[in-house]
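Biologist: Please put the model up, and I will ask about it one point at a time.

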Amino acid sequence: MEIGILTMYRVLNYGSFMQAYALKRTIESLGHHVTFKDFRKGEPYHLGTKAKVPSVLDKIARIPQIIGSFDEFIEKHALRRESNKYYKEICWPLLDVSETPDYDLTADIMVIGSDEVFNYTQNHAFGYVPCLFGHDIKAPQILSYAASAGYSDWNDVIADGMVDEIRAGLSRMQYISVRDENTRLLVEHCTGNSPTLALDPTLIYDYDEVMPQKRMIDEEYILIYAYEGRTESESEIHAVRGFAARHKLKVIAWGGGGAYHAWCDDNVIVAWPFDLLSLFRDAAFVVTDTFHGSIFSMKFAKQFAVFLRDANELGSNYNKVHFLLHQFGMESRIINNLSDISDILATPAPYEVFDKHLLDLRQTSLDFLTKALAPERL
């Protein structure tokens, strides 16, 4: 069958690319043909501000800082241009998409997800996009796979007067699966039905056939995988670099997707996107504050530590990351106090718990996809 996927694959974010690639390959393994579909940016419907872009005044206020570290400013923007170039020239062809968006929402079955497709409060980015909630789609069957509402929740839906709108869209979906408890509650309150909890596609696909075997970095290192603007406080930097110095480790940051951390020994980007996975595989330790950074750490059984971020200008990661760690018995990886970083990284993570849960949840997730994509159900 012709399966369409609606997700955020055009965002310059390698986690978004990895989940899109994994879902595509998984669906293809079930015998279907996959095409990624595009959506137009919607209007802001959220009445509050959960994340924002810098204002003109914010940018003006940063001018003295830019002048004081001009070389760093130039390096950061060169890194961003190079990363953007690789993403368009290499990542998009791996998904079989072109630079021209495909807004035709016709398919035998439309799959919405994974990623934060149910986060309509991203006023700074997408706003409310009706088709991500099932509206305007021309397909006999619509489903969501491992969808996330991110930092939006049921209280936002009520406060913004969006209950009827979102309920009407979700009611068009024959199958709904989500990847975290916050999103499950939102869907349950809207529809009266509890959706299936499914794994992010990066946890049901192994990348073995595409991941390089050779190490990218010869030295032992601690990998920093975080959004730009986070993990930048002096106290966090001091804690991480102190641990690295005691263990004689180089501090390597993933610089792809526009991220840049001047305090690290090196910022690395790669042309071949799956080299990113080898950076996780070969790291001695990982420090992250992202959902997919936590997943890749667990996939390769790394000793890792995670910063949970509450409300901030870049948007909270709490709902999705906290549930992910709880789901796999990894709450011990959460940094509650900076003085705990050394103990967290030095204490073995409970991978026997992770392996058990992964086996069960993978089967549930694959069973959901197999059932929802069965031709006889059309």
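The questions below go from the whole chain to single residues.

Biologist: How many helices and strands does the secondary structure come to?
Modeller: This is a predicted model, and what I say is computed from it. The secondary structure of the protein comes to 13 helices and 11 strands.

Biologist: Why call the protein as compact as a globular protein of that length?
Modeller: The C-alpha trace spans about 60 × 50 × 40 Å along its principal axes. For 378 residues the globule rule gives 21 Å, and the radius of gyration is close to that, so the protein is as compact as a globular protein of that length. The radius of gyration itself is 20 Å.

Biologist: Of contacts between residues at least 6 apart in sequence, what percentage join residues at least 24 apart?
Modeller: Of the 378 residues, 55% count as buried. Among contacts between residues at least 6 apart in sequence, the share that joins residues at least 24 apart is 79%.

Biologist: How far apart are the mean positions of the positive and negative charges?
Modeller: There are 37 positive and 52 negative charges in the protein. The distance between their mean positions is 2 Å.

Biologist: Leaving aside neighbours within four places in sequence, which residues is Tyr207 in contact with?
Modeller: Leaving aside neighbours within four places in sequence, its contacts are Met18, Gln19, Tyr21, Ala22, Thr202, Phe274, Leu277 and Lys299.

Biologist: Is Asp115 buried or exposed?
Modeller: Asp115 is also found in the loop between β3 and β4. Its phi is near 75°, a positive value in a residue other than glycine. The relative accessible area of Asp115 is 9%, and the cut-off is under 20%, so Asp115 is buried.

Biologist: Is Lys248 buried or exposed?
Modeller: Lys248 is not a glycine, although its phi is positive at about 55°. Its place is in the loop between α8 (234-246) and β8 (250-254). With a relative accessible area of 73%, Lys248 is exposed.

Biologist: Which elements do the buried residues of α11 pack against?
Modeller: In helix α11 (residues 318-327), the buried residues are Lys320, Val321, Phe323, Leu324, Leu325 and Gln327. Just after α11, Gly329 takes a positive phi of about 65°. The buried residues of α11 pack against α7 (181-191), β6 (196-197), α10 (291-299), β11 (303-306) and α13.

Biologist: Not counting residues up to four places away in sequence, which residues does Asn317 touch?
Modeller: Asn317 lies in the loop between β11 and α11. At 2% relative accessibility, Asn317 counts as buried. Not counting residues up to four places away in sequence, Asn317 touches Asp289, Thr290, Phe307, Leu308, Arg309 and His322.

Biologist: What separates the C-alpha atoms of Ala349 and Phe304?
Modeller: Ala349 has its place in the loop between α12 (341-346) and α13 (351-372), and with a relative accessible area of 8% this residue is buried. Not counting residues up to four places away in sequence, Ala349 touches Gln303, Met330 and Arg333. Phe304 is 45 residues from Ala349 along the chain, and their C-alpha atoms are separated by 7.9 Å.

Biologist: What separates the C-alpha atoms of Asp164 and Thr191?
Modeller: Asp164 is found in helix α6 (residues 163-170) and is exposed, with a relative accessible area of 59%. Along the chain, Asp164 and Thr191 are 27 residues apart, and their C-alpha atoms are separated by 10.0 Å.

Definitions and conventions
Residues are numbered from 1 along each chain as its sequence is written. This is a predicted model: local features need pLDDT of at least 70, side-chain atom pairs count only at pLDDT 80 or more; totals for chains, interfaces and linings use all residues. Side-chain values use heavy atoms; hydrogens and water are left out. Helices (H or I, at least four residues) and strands (E, at least two) are DSSP runs, numbered from the N terminus. The radius of gyration is taken over C-alpha atoms; the globule rule is 2.2 Å times the number of residues to the power 0.38. Buried means under 20% relative accessible area, exposed over 50%, partly exposed in between (1.4 Å probe, protein chains only). Contact means heavy atoms within 4.5 Å. Lys and Arg count as positive and Asp and Glu as negative; His and the chain ends are not counted. The place of a charge is taken as NZ of Lys, CZ of Arg, CG of Asp or CD of Glu.
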